[in-house]
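Please read them with the structure open.

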Amino acid sequence: MALSDEPAAVAPEEPEEDAGREPDALARGGALESFGESAETRELLGRLRDVHGELAAREVALERFRVIMDKYQEQPHLLDPHLEWMMNLLLGIVQDKASPPSLVHLAFKFLYLITKVRGYKVFLRLFPHEVANVQPVLDMFTNQNPKDHETWETRYMLLLWLSVTCLIPFDFSRLDGNLIAQPGPVQMSTMDRILQIAESYLVVSDKARDAAAVLVSKFITRPDVKQKKMADFLDWTLRTLAHSSFQTIDGTITMDGVLQALAQIFKHGKREDCLPYASTILECLNNCRLSESNQTLLRKLGVKLVQRLGLTFLKPKVAKWRYQRGCRSLAANLKPSTQGQKKQMPNTGTPDGEEDYDVPEEVENVIEQLLAGLKDKDTVVRWSAAKGVGRIAGRLPKDLADDVVGSVLDCFSFQETDNAWHGGCLALAELGRRGLLLPARLTDVVAVIQRALTYDEKRGACSVGANVRDAACYVCWAFARAYEPTELRPFVAEISSSLLIATVFDRDVNCRRAASAAFQENVGRQGTFPHGIDILTTADYFAVGNRSNCFLVISVFIAGFPEYTQPMIDHLVTAKINHWDRVIRELSAKALRNLAWRAPEYCAAQVFPKLLSLTQSPDLHTRHGAILACGEVTCALHRLAAQGGRSVTDYLDEKALEGLKQIHQQLYDHQLYRGLGGELMRQAVCVLIENLSLSKMPFKGDAIIDGWQWLINDTLRNLHLVSSHSRQQVKEAAVLALAALCGEYYLKEPGEADPAVVDALIRQYLAELQSPEEMTRCGFALALGALPSFFLKGRLQQVLAGLRAVTHISPKDVSFAEARRDSLRAIARICQTVGVSAGGVPDKVLCEANVPQIYSTLLDCMNDYTTDSRGDIGACVREAAMTSLMELTLLLGRSQPQLIGASVCERVLCYVAQQASEKIDRVRAHAGNVLLTLLHFDSPPLPHVPHREELEQIFPRSDVATMNWNSPSQVFPRITQFLGLPAFRYHVLLGLAVSAGGLTESTVKYSMQSLCEYMKSIQKDPQAMACLSGTLLQIFEDNLLNDRVSVPLLKTLDQMLANGCFDVFTVEEDHPFAVKLLVLCKEEMKKSKDIQKLRSSIAVFCGMIQFQGDVRKKVLLQLFLLLCHPFPIIRNTTASHVYEMVLTFGEEIVGAEALEEVIAVLGNTVWDAELPLVREQRNRLCDLFQVPRPQLVSKPSPH
C-alpha cells in the first residue's frame, strides 16, 4: 500500500545495529545519489560507430548499457540531468545520412533502453520537434518493415518522435505546398501519411502499438486534424472493433491497439470535440462484451475507456458538495489546539443551483460497468474501475453520488466474492481521498472496513482474503488524510482496535505491515489514537515482520493498554482459534495465555465458558483451537492465582472444571480420536492434559486420569498411523503430557507413588519397546525418559536395560535408527532426572556401578553407520549419542568428576573428534560444538582430557564463537593438527580418510589439501611418518571389506600417492609400508564385483609403482591380471591408468628399448574385445616388463 509523502509522527528511536552489519548498510544499499556511470556511458555511446559492425561487440555494448540503465529503475530521476546529452549523441547518429541501417537500429535500441527506465512522457519533450523534423521522421518510416521483430525498438521510438512533432503550431496543409499542381502521380498529404502510419501500427503485435496510440492521441486532437479526420478515424476504430474478436490472437492484438487509441483520445481531447461520438462508442463497446474476455489487458482498457466516456458525458467541474479537509499540513495538525488558530470548516452545505442539470442516461450505463469492474477477477481491472468510480462520482450531484456510494457498499456482502470485497475497498479509498465520502456515511463505512480487516475465506487447501485485508488498511490510511480528527473521533476506538488486531494477529506479513503503516498515518494525522506513539515504537515495520513475535510479544505490550485488551482477546476467540491454518491456531492459544494475565476476570467469566462450548463444535479446526486455548488459559489463570497464594478454582467454578473433565470423554464417545482429524485431536488433548496437570487441577483419584492415561498410551502405540508431517509434534505432546500427568496425579506422598501402578506402567512400557513398529518404540522410549524420579526409584537398572536393548542393532531392526536415537535421548534424560551419587545404589541413582555401563552403551552407538534408501540414517543416532555423552559428562563433571575414568574421557573425545572430521556437514558441526563444550567446560574443568594444552592451542577459547564447523575450509586445517596427538591420531585419520575419499567437492578438496600439507610437514621426521603410515595401514586392516571406509580410503591413498606424501619411502627397496599396503589392497579387491572399488584399487596400484624392489613387480603383476578382468570397463580403466603410468615413469619401470612397443600395445589394443585376444596382448606386456605371465587356473570339476 502507498505511504504518505509526509511521514506521520512517531517517537524517535535509538538506532540499533545488528552484529556484523555496518550501521548505514541499509541506507546505502537501496539509494543512489547520482548517475555515477556518466563517463562510462559517454564513452560507450561514443564507440557505437566502431562496434556496430561486429555482432559480439555490439551485444556486449548493448548488454552493458542495459545493466547500467536497470540500476536506476527505482530512481530514474537521477538520469534527468544527463538525458539531453545522451539523446543528442544518439540522435546525431540517427540523423547522420552516412550512418548504415545497422548503426541506426542500434542507436534506437539504446534510446529505447533509456525510455524504458525514465518513461516516455519525460523523454518525449527532449525530441527535436521543429517543423523541419516532420518530413525526415516520416521518410524514415518508408524503410521500416513492421514484421521485422529484431528492429521493433526503431519503430517504437520513431512513433514517439512523430507524436511530439505533431504538436507544431502550424496547419499541416502548409507543409504540403501545391501537391495537386505537381506533375506525376498524386502524392499523399502529410496529414494522410501520419494517419496511415498510425492506423497501420495500431494493429501490430509488438510494443510499437503502444506508441501508435500515443501518436493518435496527439495527432487526432489537433485543431486542424479533428475537423477533417477525427470522424473518419473514429469510424475506422468502430469498424475495426466490430470486426475483431477477442477469441483470436490477431483480434486481441487489434482490439488492444484500438482501445488504447480511443482511451488516449478521450483523455487528451476536448470534451466538446469528443462528446458527439461518445454515445456511439459506448454502444459499440457494449456490443464488444469485453467483460467476457479472458484477456486482462482488454478488460482493463475497456474499463479505462468506459470511465473516460463517462467523464465526457459529465461537465468537467468539481462538485461543490464534496468534503474538504481544512488543514492538510501535518506539522500544523500536531500543534496544540490551545493556540487558538481558526479552523476551516468542511463544506458540506446544500449544492447550488448550478448542479441541478440533467445527467445523461448513458452515465448510468457507465457506472453500472464500473461497478461490475470492481468485481473483476484481476486486480489491475478492479483498481482502474475504482479510480473511475471516484472520478465519475466527483462530477455527479450529491444525491446521485450517494447512490453510487451505496452501490459500492453493496459489494461488501458475504454472498460476494473476495474480488468484490477488494474492489469495494479500493473504491471506498478513492472516494474518501477525493472527499466524496461524506461524514454521514462513515458509520456504515467503518463497520464494513472492520469486517474487511478480518476477511479470510478458506478455499481448498489455501485461503483468499489477504488482498482484501491489505486494501482495507489502505482505506484506513486514506481516511487518515481525508478527514478532520473531529469527524473520525467517534470511530477511533473501532478503527484503532481493528488496525492493531491486524498488525499483530494477521497471518500475512504484508497485511501486518500495511496495518502498521495505516495506524502510523492515523496517529500522525489524526492525533486521537490512544497510546499511538508508544505502540508505534514497538510495533514498527520491522518488528511486525516476525509472526511469532507479533502473537507472543508485541500483543502482550499492546494489551497492556486497557482500551485494546478486550478487543484483542475477543478477536482471538472469535476469529483466530478456529483459523484454517494450524500454526495460527496454536499461536492464538499461546497468545490467549499471555493476554489472560491482563484480564483474568474477563477471561474466566466470559471467555472460558465460550471456549468450553466451542470444544464440542462439529468443525475440526474450531474444536482443535478451542481445546488448545482451554489448556493455555487454565495454565495462565493457575499461575496468576499461584502468585497470590490461591488456587485456580478461585477463578474457575465447578461447572468449568466439569467441562474440562468432559472434553476427553466427549471426544472418545463420538470416536473423534479416529479418522482424518484424529491426530489433531490427540495432539490438542495431550497439550490440554499437560496444561491441566501443571495447573494442579483437583482431579486426583478421578476416573478421568485413567482416561487421559489411556489416550497417551494409545497415541504412543499408534504413532505409525499418524501422518509423517505431524508425527513429531504428536509424539512430543504425548510425552510432555505423560511427564506432567505422572508428576501431578500419581504422587501419593512426597517422593512416593503407588508401587502397583508404577510397576504396571513401567512393565507395559518396557514391553512396548520390543514392538515391531519403529514409531511405537520411539514413543515409549521417550515416555520412559520423561518419567519423574519417584517412578524410577528402585527400577533404574530395569529401565536402562530395556532402553539399552533398543540401541543394539539386530538383523530384524537394523533400519530402526529413529528408535535408537530416541532411546539414547531417553537415557540422557533419565540420567538428568535421577542425579548422581558416587556411593549410591545403582537402582536409584547414577553411581560407580552403573556409569561405565551407560558410557559403554552411548559409545557403542557412535559406531552406528546404518544406511538404507534414505542414506546414512545412522547419522541421527551418532548425533544423539554425542549429545547424550556431553550431557552425561557435564552432569558428572559438575558434581562427581571422579566417576569419569581416564580411558572413558579419552574414548569420548576421540569418538567426537572422529565425527568432527567426517564428511556430513551437519554431523561435523554438531561434533565440533560438543568437542569445544567439553574442552572449555570449567565448572570445574573435566579431568583426564588428553593433550589438553595442545587442544586449547588448536581451538582457543576466543575462537569458539566465530568457528564455522559447516565450512570445510575452516575446519580441516585445524582438525589435521590432531594427527600429531597420539591419542587422537587413529580416529581423526579415520574420519579424514572418509572425508577425503567422499563425493562433496568442497569437503574432498579441503580435507585432502589439509592432509597432504600435514604429511609434507613431517617428511623429515621418520618417527612421525612411521607412526602415521602405520596408523593408516591399521585403519585399512581394521576395515577390510567394510565398503563405507575401504572405498574412500583407497581414493585417499591414491591422492596421497599422487601428491608425493610417501616419497621418503620410495628410496628404500621393499619398504614395509608398501609391502603391507599391497597385501591389504589385494585382500580388499579379491573376488570383488564392485566397479568403484576396483577402479580405486587400480589407481592405488599405479601410484605404488614408484616403490622399488619386488613390490614393483608384484604391483605390475596385479595390474596385468586386471587387464584380463571379466568386466570390459575394468580392462579399459586399467589400460588407461597403465598407459599414463608408463608415460610418467618411462624407463624407470621398463627398458628403453621396450618403451615404444609398450606404449603402442597399450594404445592400439581394443581392451574390451574378446578375452583370448586381450590375453595375448597382455602376455606381450608381461614379457616386455619382464613379469611372469599369469597362468590360468582350471576350476575343479564337481564330483
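Predicted model: local features only at pLDDT ≥ 70, side-chain atom pairs only at ≥ 80, totals over all residues.

1. The chain is divided into domain 1 (36–122), domain 2 (361–428), domain 3 (463–551), domain 4 (560–640 + 647–749), domain 5 (750–883) and domain 6 (1019–1185). Domain 4 is given as two segments, 560–640 and 647–749. Between the centres of domain 4 and domain 6, taken over C-alpha atoms, the distance is 69 Å.

2. Helices α22 and α23. Helix α22 covers residues 418–433 and helix α23 covers residues 442–452; their axes come within 11 Å and cross at roughly 135°. The crossing of the two helices, α22 and α23, is left-handed. On the α22 side the contact is made by Trp421, Cys425 and Leu428, and on the α23 side by Val445, Val448, Ile449, Arg451 and Ala452. By class, the residues of this contact are seven nonpolar, no polar and one charged.

3. Helices α24 and α27. Helix α24 (residues 466–482) packs with helix α27 (residues 509–526) at an angle of about 10°, the axes being 8 Å apart. The angle is under 35 degrees, so α24 is roughly parallel to α27. Residues of α24 in the contact include Cys473, Cys476, Trp477 and Phe479, while those of α27 include Ala514, Ala515, Ala517 and Ala518. Charged members of the contact are also present, among them Arg469 and Asp470 of α24 and Glu521 and Arg525 of α27. The contact of α24 with α27 has eleven nonpolar, three polar and five charged residues.

4. Isoleucine 873. Is isoleucine 873 buried or exposed? Its relative accessibility is 9%, which is under the 20% cut-off, so isoleucine 873 counts as buried. Isoleucine 873 sits in the loop between β6 (871–872) and α44 (874–895). Leaving aside neighbours within four places in sequence, its contacts are Ser815, Ala817, Thr866, Thr867 and Asp868. Serine 815 is 58 residues from isoleucine 873 in sequence, yet the C-alpha to C-alpha distance is 7.8 Å.

5. Threonine 1003. This residue, threonine 1003, belongs to helix α50 (residues 1001–1017). Which residues does threonine 1003 contact, leaving aside its neighbours within four places in sequence? They are Lys919, Asp921, Arg924, Pro968, Phe972 and Ser995. Threonine 1003 has a relative accessible area of 2%, and is therefore buried.

Notes
Residues numbered from 1 in each chain as written. Heavy atoms only, no water. Helix = DSSP H or I, 4+ residues; strand = E, 2+ residues; numbered from the N terminus. Buried < 20%, exposed > 50% of the residue type's maximum accessible area, 1.4 Å probe, protein only. Contact = heavy atoms within 4.5 Å. Domains from an automatic or database assignment. Axes fitted to C-alpha atoms, helices over the stretch in contact; angles between N-to-C directions. Left-handed = near helix turned anticlockwise from the far one by under 90°. Parallel < 35°, antiparallel > 145°, perpendicular 65-115°, else oblique.
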